[in-house]
Each structure stands twice: as structure tokens, then as C-alpha cells.
Amino acid sequence: MSENKYQKISISCSNDIMEIFSNYLLERNTGGIVAEDGQLNGQTVLTAYLSPDKNELFTHEEIEKFFESIRGNFDDAQYDIISLDFIEAEDWMAGWKKTFVPIHVTENLVVRPTWESYDIQPGEIEVVIDPKMAFGTGHHETTAQCMAGVEKLGVMGKRVLDYGCGSGLLAIAAYKMGADKVIACDIDPEAIECARENIMLNKVKVEVIESGKYIPEKPVDIIAANLSIDQIIEVYTELDKSLKPGGQVIYSGIPTFDKQRFLDFILKKPYIIRDELLGEEWVSYIASKASGSGN
């Protein structure tokens, strides 16, 4: 197999198994996932690219076997393989660049790729990124909600932790909004490399940590946790210990159909839901940690 080719995996699936399928693709070291909400009959389309020199290729039989192993846990799980073929690296990059244009994630926050120009307006904050294998561009609803939450809380002079930083987009935005200290962590080494490159590109000061169980030495004021429900539950202890009493956390990456499962979990903890950022497919919550709660 030529080193200049990627395997393109494109799958449509019902939203109840979207998170599980995403994790399944990521575990093969695909680097990143492009998730397009409601593109086919209300289903989510997941697209990933796998470099053949990193791991074994996906097959139709393997994907079907994985689906059969999980379908019994859901009432109406569905999926369909749209594409499982190969694409030249140059073609993949050219196609990807066409989809990533400057975007107003919020009224004042603009994200643009390195290959596009934008006439910045007074009062706007611009974040320039090269997302590599689609670690985060601001186009997905969960990222946009998380960034809107950061802007809404206000980070001027505060300590901020971007937990699961991907491309570094949220961390960079927080620094440009005036945060005093910003830390970005992720378990994926490729995401870390991508984040560091984007941090240098934007000429900001962000501490980058490669870790799946990170806890800063000094608790922070605000945490942006753009993860999944299962990941939030898995690293809850780390998130809790990372946040000072009275601090705020933005929980993102929660499907609207499954939000009660998240609420059932978090409302048993010393947290108060302060706001809900509701979208078509996803919902994010801003919660505050009880002042009397220790770390």
C-alpha cells in the first residue's frame, strides 16, 4: 500500500450509537473524526482517515461484527457503511480544505484555517488553526457550545483548563480572551502535537500536557471538558480535583437524547447546573462546584 494513500472510513449511524462508533474508530489510531449532524435521515455521518502504516485496515466484516456486538444494548440502533476505500493524501487534504472556511463560532469569536484570510473586525477575536486530521475546527456543535460557554463565563485573569484539547482551539481562544493561565491536556499524542503547532501559530502561552488522567498542581477557575458522557464519568475525579471550590466547568459532548443520563450522574455530585446550551443534536451544561467542596 502506498504511503501516500489513506483508508477513508465513512459511516452513517443512529445517534444512540454515535459515541460508541466514534470511539471505535479512534481506537484504531485514525487521529480524528469528522462528525456531520443529521446529514442522512437524521443520522450522524462519521468520517475518519487511517494511515495504513499505523495499524491494520478496517474491513466490512470487522465493522459488522463490532455492530452486532453492541446492537443488543439499544432499541433501534442502525448503521450503514458509506465508504470504505482509499484516497490519495493530496486528494484528502484538498477535499478537507474546501470544507473548512472561516466561521463565527460566536458573535465575536472567529476561527479560520491557515490557508484562508479574514478581515478581522473591531472587538472580534481570531483563532487561526491547522487542524491536521480534524481534531477540532469549531464547526461541530459540541465545540461551538463549549466555546460559547467559555465566552459566557468570562476568563479574564482566570486559570483555565482545556481537558481533551484536540487542536488546542479552546485553549487558544481562552488565552486570547484574557485568561491568566491556560493548560491544555489530551491523551492522544497526535492531538498534542497538533495543539502545540497551533499554539505557536497563534503566539499564545499555553501549557500542553499529554495525559489522560491529568490534575494540575493548583486548581483552576474554569474547565472546558468537551468529551463524551462516558469519558466525563471516567475522568470525573480528575476533573473535580482540578477545579477549585466555587469554580465553573463546561460539560460538552452530550447528545440531547442521552442528556438525562448525564444529569442523573452529575446531580449526585457537589455541582449545581447553572446553564444549558441546547442545540439540535447536542447539549452542553455549565455547572459550578459547591464552595464547601474540597479537592
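Hi everyone, a word on the ground rules. Residues are numbered from 1 along each chain as its sequence is written. Because the model is predicted, local features need pLDDT of at least 70 and side-chain atom pairs pLDDT 80 or more, while totals for chains, interfaces and linings use all residues; side-chain values use heavy atoms, without hydrogens or water.

Let's start with the aromatics. The structure holds 10 aromatic pairs, where rings of Phe, Tyr and Trp (its six-membered ring) pair if their centres lie within 6.5 Å, and planes under 30 degrees apart are stacked, over 60 edge-to-face and the rest tilted. Take Phe 21 and Phe 66: the ring centres are 5.3 Å apart and the planes sit at 70°, so this pair is edge-to-face. Phe 21 is in helix H1 (residues 18-26) and Phe 66 in helix H2 (residues 60-70), 45 residues apart; helices here are DSSP runs (H or I, at least four residues) and strands are too (E, at least two), numbered from the N terminus. Both Phe 21 and Phe 66 are buried, meaning under 20% relative accessible area, with exposed over 50% and partly exposed in between (1.4 Å probe, protein chains only).

Tyr 24 and Phe 58 are edge-to-face as well, because their planes are at 65°, with the centres 5.6 Å apart. Ring pairs join Phe 21, Tyr 24, Phe 58, Phe 66, Phe 67 and Tyr 79 into a cluster.

Now, which strand holds Leu 109? Leu 109 belongs to strand S6 (residues 109-113), and it counts as buried at 1% relative accessibility. Beyond its neighbours within four places in sequence, its contacts (heavy atoms within 4.5 Å) include Ile 103, Ile 125, Met 147 and Met 177.

On to charges: how many salt bridges does a search of the whole structure find? It finds 10, each a side-chain nitrogen of Lys or Arg within 4 Å of a carboxyl oxygen of Asp or Glu. One of them joins Asp 275 and Lys 152, with the closest N and O atoms 2.2 Å apart. Asp 275 lies in strand S13 (residues 271-278) and Lys 152 in helix H4 (residues 141-153), 123 residues apart. Lys 152 is exposed, at 55% relative accessible area.

Finally, Asp 230 pairs with Arg 261, the closest N and O atoms being 2.9 Å apart. Asp 230 is partly exposed at 39%, and Arg 261 is partly exposed at 33%. Together with Asp 258, Asp 230 and Arg 261 are linked in a network of salt bridges.
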